[in-house]
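I opened my notebook to look over a model that is new to me. These are my entries, in the order I made them.

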Amino acid sequence: MKLIENLKAHTLQSLLRLPRFAKRRIAGKPIRIDGLELDLDMQLLVKLSNLEPPIRPSLDPKQLQASRNAFNASTRVVASKIVKMKTQDILVGQGQPKMPARLYSPDQHIDAMLFFLHGGGWVHGNLDTHDNLCRHLARVTGAKVLSVEYQKAPENPWPTAVEDAMRAYEDVVSRLPEFGLNAPFIAVGGDSAGGKLATVLARQLSHTDIQQPQAQLLIYPSADSPRQGGSRTLFADGFLLTGESIRIYQNCYIPAQQDHSHPDISPLYADDIHKLPPAIVVTAGFDPLRDEGRDYAKKLEQAGVKVKWIEYPGMVHGFANILCSASALHSVEDMAGALRGLMMERSN
């Protein structure tokens, strides 16, 4: 299995290093939808991924484990060279069970922390699948990054992940000196499912006396579970995250008979967001979740929250993990730079 992964990674990286004209010949004609053109690296990746069966979650235990194994393997294939950095694996969380977490410490770090919740549809993903992304976020921001592995559905459906995020955050802010931080700038963030968890956490914290985060980094967040049409339809098939996969993830995560418009499931329906910290909302042009991310950024802005909305028009859902692509890596560095800007504003 490891040999196959290495061969896939080597093949993909070799293709991405080809000159543009050669990549275009392999990828085919440019794909243009909704006035946007798919990034050439993403088009190559999509073409290769469509040669294999899609990775879909399942309520069946055997198929579920197989899908998790496949998801983990796919992230290793596209991760690229690992950024060397001091890391520490710890356990976090008020009460039980404790959750695995990983602290990333850049050599020259500022007094800041990004509390990060990984994506994967609340079913897939772990500390390792998002390891290199967290390393790059730490490298560019100069902040320490704490990545938390919450409990997964369908074994632990909603609201377990939401409760885990709060339990982990409470514990972490009570232990800041242990992590080498004094009075840090704290941001909460995540990608996809983790982006949703991060903004739900920020909203819940706004009603408490717990130390508040000062920024949000929401990378193509899931924000509107009941949504149909628009980008959900335009990119429902053929761009890594499919409409069918979204439906299965929701079935795994959201209990039957539960209203999908609950604000802790669909943040776009929340009416108490005016106290949220400044947000960087990242969307991808070829993502089924694009429109709800755009709309959530607008809703935050209308509520008086400072928002920087960044769309990478040629990217697909999940690009933040596809760091073997120069264009995807540049996008990650750009969004991390925006977060560093917020962090440095506080210090000036």
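This is a predicted model: local features need pLDDT of at least 70, side-chain atom pairs count only at pLDDT 80 or more; totals for chains, interfaces and linings use all residues.

Surface. The protein chain exposes about 14,800 Å². Carbon and sulfur atoms supply 53% of that area.

Burial. Next I looked up how many residues are covered. Of the 348 residues in the protein chain, 58% count as buried.

Folding elements. I listed the secondary structure. The protein chain has eleven helices and ten strands. Then I checked the radius of gyration, which is 19 Å. The globule rule gives 20 Å for 348 residues, so the protein chain is as compact as a globular protein of that length.

Box. I noted the extent along the principal axes. The C-alpha atoms fill a box of roughly 55 × 50 × 40 Å.

Contacts. I took the contacts between residues at least 6 apart in sequence. Of these, 78% join residues at least 24 apart.

Charges. I looked up the charged side chains. The protein chain has 39 positive and 37 negative ones. The centres of the two sets lie 7 Å apart.

Is C324 buried or exposed? C324 has 13% relative accessibility, so it counts as buried, the cut-off being under 20%. I checked C252 too. C252 has 3% relative accessibility and also counts as buried.

Methods: Residues are numbered from 1 along each chain as its sequence is written. Side-chain values use heavy atoms; hydrogens and water are left out. Helices (H or I, at least four residues) and strands (E, at least two) are DSSP runs, numbered from the N terminus. The radius of gyration is taken over C-alpha atoms; the globule rule is 2.2 Å times the number of residues to the power 0.38. Buried means under 20% relative accessible area, exposed over 50%, partly exposed in between (1.4 Å probe, protein chains only). Contact means heavy atoms within 4.5 Å. Accessible areas come from the Shrake-Rupley method with a 1.4 Å probe; for residues, only the protein chains shown count as cover. Lys and Arg count as positive and Asp and Glu as negative; His and the chain ends are not counted. The place of a charge is taken as NZ of Lys, CZ of Arg, CG of Asp or CD of Glu.
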